[in-house]
Amino acid sequence: ANYGDYEYSICNHSDTGYNTKDTCIITKYNGSAETVTIPSTINGIKVGVIGDNAFKGNTKIKKVILPDTVIDLQSYAFANCTNLESINTPDSLRVIRSSAFENCTSLTSFDFNKVELVGWYILKNCQSITDMYISGTLKRVGIGAFEQCTNLRTLTFAEGVEIIDAY
């Protein structure tokens, strides 16, 4: 279905261990705005997931504002958005899947906030990030999470991070 610049579907299962059932999944963004404010609801249904490849390759976007309803950013959700400079991480966000921000070469910082699980290569080749803080709610950092982040100088882990795969 369509809602403005968004294509969406309704999640009919919850495969993450988090309650995303009966929420909207944004499956595609067709707009050209530099600042994108994702709605918290679509037709009265909470937006809980940004789907696989939903924004992938959009070179117009510079800033994304996620609502406090989003729980899950799926694989490649924002990959290759080479002009993306900033995105917020609301308190609701728990899962960031593989390569979600791969090749976002203009992204200058990333706050894991209350995220609990990140997949492989989530920030691969994000060359503009220089400093990063990983909160204690994050239990596992996936393989290659910071691969080719060539300007990353400081990586600080809070107490509580349990598993760091090869990065």
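**Close-up views of a predicted model**

**View 1. Strand E7 (residues 63-65) and E9 pair in the parallel sense over two bridges.** The model is predicted. Val 64 has Ile 87, in E9, as its bridge partner. The open sheet holds three strands in the order E4-E7-E9, paired in parallel. Strand E4 (35-37) and strand E9 (86-87) are at the edges; each has a single partner strand, so one side of each lacks a neighbour in the sheet.

**View 2. Asp 72 and Arg 97 join their side chains in a salt bridge (3.0 Å, N to O).** The two residues are 25 apart and link distant parts of the chain: Asp 72 sits in strand E8 (residues 72-73), Arg 97 in the loop between E10 and E11. Asp 72 is buried, at 1% relative accessibility. Arg 97 is partly exposed, at 23%.

**View 3. Glu 116 and Arg 94 form a salt bridge (3.5 Å, N to O).** Glu 116 belongs to the loop between E10 and E11, Arg 94 to the loop between E9 and E10, 22 residues apart. Glu 116 is partly exposed at 27% relative accessible area. Arg 94 is partly exposed at 21%.

**View 4. Lys 124 makes a salt bridge with Glu 147, with the closest N and O atoms 3.7 Å apart.** Lys 124 is in the loop between E11 and strand E12 (131-134), and Glu 147 is in the loop between strand E13 (140-141) and strand E14 (154-157), so the pair ties together parts 23 residues apart in sequence. Lys 124 counts as buried because its relative accessible area is 19%, and buried means under 20%. Glu 147 is partly exposed, at 28%.

**View 5. Ser 99 lies in the loop between strand E10 (95-96) and strand E11 (117-118).** Ser 99 is buried, at 3% relative accessibility. Beyond its neighbours within four places in sequence, Ser 99 contacts Tyr 76, Ala 79, Trp 120, Tyr 121 and Ile 122.

Notes:
Residues are numbered from 1 along each chain as its sequence is written. This is a predicted model: local features need pLDDT of at least 70, side-chain atom pairs count only at pLDDT 80 or more; totals for chains, interfaces and linings use all residues. Side-chain values use heavy atoms; hydrogens and water are left out. Helices (H or I, at least four residues) and strands (E, at least two) are DSSP runs, numbered from the N terminus. Buried means under 20% relative accessible area, exposed over 50%, partly exposed in between (1.4 Å probe, protein chains only). Contact means heavy atoms within 4.5 Å. Two strands pair if DSSP finds at least two bridges between them. A salt bridge is a side-chain nitrogen of Lys or Arg within 4 Å of a carboxyl oxygen of Asp or Glu.
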